[in-house]
Amino acid sequence: MGDKGRGWNLGLAGLLTPVTIWLGLFFLVPLLLILAYSFGTSDVYGGITLGFNPSNYLRVFDPLYLQIIVRTFFIAALNTVLCLVLGYPLAYFIVFKGYRRRNILILLVMVPFWTSLLIRAYSWVVILSGNGIANKFLQFIGITDEPLTLIFTPEAVLMGMVYSYLPFMILPLYASLEKFDTRLKEAAKDLGASRWQTFWRVTFPLSMPGVIAGSILVFIPSAGEFVIPQLLGGSRTVMTGTLIQTQFGPARDWAFGSALSVMLAVLLLAAILFYVRRVGTDKLGGM
Amino acid sequence: MQRRDTGISRSRFLKMMGAAGVAGSTLSVLSCQPNTSATGGGGSGGGPEEKELAFYNWSDYVAKSTIPGFEEETGIKVTQDFFASNEDLLGKLQAGATGYDVIVPSDYMVAIMIKSDVIQKIDKSKIPNTKNVGSNYMGLSYDPNNEYSLPYQWGTTGILYNKKEVGELDGTWDAMWDPQFEGEMAMLADSRETIGAALYKLGYSVNSKDQDQLAEAEAELKKQQPLLRGYFASTEVRPLVLNGDILLGHVYSGDAFLALSENENLDYVIPQPQATRWTDNMCIPNGASHPDNAHKFINYILGADVGAKLSNYTYYNTPNEAALPKIAGALKDLPGYILSPDVFQRLEVIKDLGATTRDYERIFTEVKSA
């Protein structure tokens, strides 16, 4: 501990160089490029003239696009809440009731990552289609005579998103609950707290870092989602990601697409900051 | 715009998913590679070319025998890569990607590529098989003298439907607005094709730049949207109709023919008063490393036998009249494969609309999120 953190030591600098170059080249440079493009002017054939053209940002305030952005944030927030409500009990169960099977159970949570999201989304199309297993089953148990419309609806999009992002919620919750000292629960019990009180006043507050990390990990990518609305929503649930993709694709308007991307990033950052301020810091400090 | 996607039977689906992944990764590698054998863009460079060719195509859009046949005949080793949309292809070339020798852009994209100066002129004296191409498929508006492009495959865009369930359609676009098929219809997730269908229905041109006509088309599409299951790629519409999930689907002809060959209850109609015909074309990018080989390849594709085998595999129409007699009977006899002159003359070619493209995209976004 000779040089107390602040000082540069050669070994550390050497270790940090590759990652600095990596992030600089493949994260910072593209990000700056997007920022530069967002103030450029798209020509008709997909090229961009750089300059200072704020009109791309003004176009974001078109009611059509604003409505899509608002909807995107609503869907992402709903997805986050659903993942938390579904994921918390599971993480809790694995940590406190999983005993020696903990590792196997948490491995099972990660199993879906072994297949590409695209394949899994297509599988849902097969499962939920008119002649799919889901409808066959519902008809078999007599809930319906005619096949139900289960796919290409906003509900299907939400279901697909919860399915895809649930592990991102469970894993940080698990990591956070795993560190929990069970003696605290015993202490609470000894002091006369009910199980309900113990959970809300001891366990849950101490798992806040996991809740926050999980929420952020779910919220950010779901706000940028464009594959699931396309595959499971029949393209009728238009999200900001879809809109950005359109600008970089068929509309050949990279400047506007970049402005939309920057706006999405800024709004996400603001939402996260607000969330962490509101829910987070004191709880994080309590750890 | 993802003008075209290729015909994929369900059995071929998983293979394609894998290929798409591989394509993605190999492409990113390829585009980073320095152009090791740049003999000077135009191809007029000194000595003979290496025995190599890079073919950049839509996935699953070439017959199994096509590439091995060329390699055997010429000794030229072919590397294949795949793109997913015309815009991806354009983006790659505009970013300065080199190393592709033959590419397959659709019609309107050829016009854009000529204007953006990313493809080179073709020397037709090196492609004697040009004579096999039917006059209907030469001299189209996007490249009036075929200086830059020769056709690869072509097709129409129409309605695939379950004739057994809905009876014979009246042959107009109105069917796709019929409330009795609510929830049983799908349109293409392609702004030009779907707005185009509304424009055709109203009696206007698919290439309309008239804002009043576009507003009328938008109103039509907003009426249609609640009746649909959604907007899809043509390859996605085909299984929906085949499996009975929907009754009517807006598709490219290749997907329709694949479906018809699997289920005799289906039918394909090229609606009145007008419908789209599209063409995918072979072009040589400016940065091609092996332009001579590219000419040989284009000539090979336009051969009678090769052309027939190609279309017998893709289920798309061939522009190759010498190949036509060799098209499999099962394909040739399907409704809408061989077109009578009066059907052919009411087909329109989608043109690039320049800045109006963005109006189309905005309208389509507005319709989808209505």
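This is a predicted model: local features need pLDDT of at least 70, side-chain atom pairs count only at pLDDT 80 or more; totals for chains, interfaces and linings use all residues.
In chain B, three strands come together as an open sheet whose order is S2-S1-S3, with parallel pairing. Its edges are formed by strand S2 (77-83) and strand S3 (102-103) of chain B, each of which pairs on one side only. Strand S1 of chain B covers residues 52-58 and is joined to S3(B) by two bridges in the parallel sense. Within the sheet, Tyr56(B) is placed opposite Ile103(B), a residue of S3(B).

Two helices of chain B lie across strands of this sheet. Helix H2 of chain B, residues 66-74, lies across S1 and S2 of chain B. The angle between H2(B) and S2(B) is about 150°. Helix H10 of chain B, residues 291-301, lies across S1 and S3 of chain B and runs at about 55° to S1(B).

**The contact between chains B and A**

Chain B contributes 34 residues to the contact and chain A contributes 33 residues. Between them, the two chains bury an area of about 2900 Å², and carbon and sulfur atoms give 56% of that area. There are 16 residue pairs in polar contact between chain B and chain A, counting pairs with both residues at pLDDT 80 or more.

Several elements of chain B each supply at least two residues to the side that touches chain A, including helix H1 (10-32), helix H3 (86-94), strand S7 (228-232) and helix H14 (356-368). Of the elements of chain B, H14(B) gives the most to this side, with seven residues. By residue type, the side of chain B that touches chain A divides into 14 nonpolar, nine polar and 11 charged residues.

**Salt bridges**

Side chains of opposite charge can pair when their charged atoms come close. Over all chains, the count comes to 18 salt bridges. Between chain B and chain A, the count is three salt bridges. The table gives one salt bridge between the chains and one within chain A.

| Side chains | Distance, N to O |
|---|---|
| Asp352(B) and Arg252(A) | 2.8 Å |
| Arg59(A) and Asp253(A) | 2.9 Å |

The salt bridge of Arg59(A) with Asp253(A) links distant parts of the chain, the two residues being 194 residues apart. Arg59(A) belongs to helix H2 (residues 55-60) of chain A, whereas Asp253(A) is in the loop between helix H12 (240-248) and helix H13 (254-285) of chain A.

Technical notes:
Residues are numbered from 1 along each chain as its sequence is written. Chains are lettered from A and ligands numbered from 1 in the order in which they are written. Side-chain values use heavy atoms; hydrogens and water are left out. Two strands pair if DSSP finds at least two bridges between them. Helices (H or I, at least four residues) and strands (E, at least two) are DSSP runs, numbered from the N terminus. Contact means heavy atoms within 4.5 Å. Axes are lines fitted to C-alpha atoms, for helices over the stretch in contact, and angles run from 0 to 180 degrees between N-to-C directions. Buried area is the accessible area (1.4 Å probe) that two parts lose on being put together, summed over both. A salt bridge is a side-chain nitrogen of Lys or Arg within 4 Å of a carboxyl oxygen of Asp or Glu. A polar contact is a pair of N or O atoms within 3.5 Å; within protein, one must be able to donate a hydrogen and the other to accept it, and residues adjacent in sequence count only if both atoms are side-chain atoms. Ala, Val, Leu, Ile, Met, Phe, Trp, Tyr, Cys and Pro count as nonpolar, Asp, Glu, Lys and Arg as charged, and the others, Gly among them, as polar.
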